[in-house]
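This briefing is for a reader new to the structure.

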Amino acid sequence: MDTYLKILGDGQVWDVKGISPLAPGRTFEDLFSGRALAQMAAEEKGLFFRFRERGKLTGRSVTKAFLSNNPKAKKRAQALLENLARNGAFGISALAKGKGIKKGWSARQRGYWKNLDAVIIGGGVSRGKTGRILVNLLKEYLSREGLAALKVYQARFPGKEAGFLGAVINIIRVSRNYAEAKRAKATGCIGLDLGREEIGVGLLAVNPKSGRVLKQKQGYWFFSASMRMPYKRHLKKFLDTRKNYTAVERQLGRKIRAAILGSLAGLVLKAQSAAGRLGIACSRNIGVAVPGSVSSGGYILNSTDYLPFFRKQDGFNFAKGLEKALAESVKKGIKIRLINDGIAAGIANIYFSKKAAGKVAFLGVGSGLGGCVALARRVR
C-alpha cells in the first residue's frame, strides 16, 4: 500500500483572525499553540512554577503538571488543555466553514480548508497521553461546532523527525532524481530539519524503482541525530528581523550563519557515514525543512527571527549556501530542495498515516502553529 499525496495549501494559518468569539482580535496562534498554553499557565499565580523548563514556563510545563502527582496542578492543567482544545475547535471550525480571516487570502485559499475529512494534530503538545487527551477534547468541541463527522487523529511523528521525514518524502513526491542508481536495491535519502532549538538529520532508504520508503524494525529512518543550535545564547539578538543591525552585530550574525551551515554539513556527513556502513549509496538530493515560506530558487522568504541573515532580502540563498558548505566539507554536486517545516511535518504525518484519507489538514501545535492541507489517497 502506498500514498498519493497532493498539497492543496500551506499551513500559514497562524495569523488567521476571527477564530474565537471570546477574543475576535487574536490570531489562531495566539489561541492554539504551545506558547498560548504557556501564557495560560502564567496566569495561574505560580501554580505551575515548579514545572518550569530552564526557568521558563512553556507548553511542556503544563504537560509535566498534568502528568505529575500534584492533584491541584493536575486538575488545573486539565482545565488549560480543555481551553486549548476549545480554541482549536473554534479555529478549525472557522477555517472549515470559510469564516477565518487572513489578509490577502483569495477565495481559493479559503476553500482549501472547507469540507475537511480529517485533521491530524502534531507538534510538541500532541505527544503521549497529553496529546491523546487533547485529541479527544477536540473531537468533543468540534461536535459542538457541528463538525462531529470530522475525524481527528494524533500525529504519528510529533517531533523534529517529522521535519526530515517530510523533507525526504517531498523529494520523492516531486522528483525521481533522488534515485541515481536505478539498479541498486535501495537509495539513501537524507533529510534535515532546522528548528528553533535543535538541528536534526535523518536517513531513509528508498526503493529506487517504486519510490517507496523502506521500513525496518525501529521505524522508517535508518539513522538519525540532532544537535543544539550553535551560538544559541546569542540568537536573542536577532529576534527582530526589521531591526537595523550594527556592523558588529552583522559580523556576529554572519558568523552564526556560517556555524549553522557547518553544523548542517556535519550532520549530513554523519548520515552519509551511516549509509556507508549499511552499504547504501546516498542520493545527491537532500531535503531541508526550514521555517517560513520558501521559493523554488532556494530562498527563505520570511519568518527567520532566530536565524540571522538567512532570508532572500538579506541577499542570501540558503540552498546555494548549504550546497557550498557541503562541497567544502562533504561532497560536491549535492542539490538542496527546501520546504516549509510545517508543510514537511504535515507531509510526513499524512503520508504515513494508516487512517487519514481524503482532504486532510495537519496542524503542528508547537511553539508556533503551522501545517498544510492535502488530498491523500491510498493506492496499491
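An open sheet of five strands has the order S6-S5-S4-S7-S8, and its pairing is mixed; strands are DSSP E runs of at least two residues and helices are H or I runs of at least four, both numbered from the N terminus, and two strands pair if DSSP finds at least two bridges between them. The model is predicted: local features need pLDDT of at least 70, side-chain atom pairs count only at pLDDT 80 or more, and totals for chains, interfaces and linings use all residues. Residues are numbered from 1 along each chain as its sequence is written, and side-chain values use heavy atoms, with hydrogens and water left out.

- Strand S6 (221–228) and strand S8 (335–340) are the edge strands, each pairing on one side only.
- Neighbouring strands of this sheet are turned by 20° against each other on average, direction ignored; axes are lines fitted to C-alpha atoms, for helices over the stretch in contact, and angles run from 0 to 180 degrees between N-to-C directions.
- Strand S4 (residues 187–194) and strand S7 (residues 281–290) run parallel and are joined by six bridges, with Gly-191 opposite Gly-287 in S7.
- Two helices lie across S4, S7 and S8: helix H9 (residues 318–329) runs at about 140° to S8, and helix H10 (residues 341–351) at about 90° to S8.

**Strands S2 and S9**

- Strand S2 (residues 118–122) pairs with S9 in the parallel sense over five bridges, and Ala-118 stands opposite Val-360 in S9.
- In strand S9 (residues 358–365), seven of the eight residues are buried; buried means under 20% relative accessible area, exposed over 50%, and partly exposed in between (1.4 Å probe, protein chains only).

**Nonpolar cores**

- The largest nonpolar core has 52 residues, of which Val-13, Phe-32, Trp-113, Ile-121, Leu-138 and Leu-363 touch the most other members; such a core is a set of buried Ala, Val, Leu, Ile, Met, Phe, Trp, Tyr and Cys residues joined through side-chain atoms within 4.5 Å.
- Elements that each supply at least two residues of this core include helix H4 (71–96), S2, helix H6 (128–144) and S9.
- H4 gives the most to this core, with 12 residues.
- Another core, of 43 residues, lies apart from it, and its members include Ala-186, Ile-286, Val-288 and Leu-338.

- Asp-193, found in strand S4, is buried yet has no salt bridge, and Lys-160, the nearest side chain of opposite charge, is 7.7 Å away; Lys and Arg count as positive and Asp and Glu as negative, while His and the chain ends are not counted.
- Asn-349 lies in helix H10 and is buried, with a relative accessible area of 2%.
- Leaving aside neighbours within four places in sequence, the contacts of Asn-349 include Ile-120, Phe-157 and Phe-362; contact means heavy atoms within 4.5 Å.

**Salt bridges**

- The count comes to eight salt bridges, each being a side-chain nitrogen of Lys or Arg within 4 Å of a carboxyl oxygen of Asp or Glu.
- Asp-15 forms a salt bridge with Lys-102, with the closest N and O atoms 3.3 Å apart.
- Asp-15 lies in the loop between strand S1 (2–10) and H1, and Lys-102 in the loop between H4 and helix H5 (107–111), so this pair ties together parts that are 87 residues apart in sequence.
- Asp-15 is partly exposed at 24% relative accessibility, whereas Lys-102 is buried at 17%.
- Arg-76 and Glu-44 meet in a salt bridge (2.9 Å, N to O).
- Glu-29, Asp-30 and Arg-35 are linked in a network of salt bridges.
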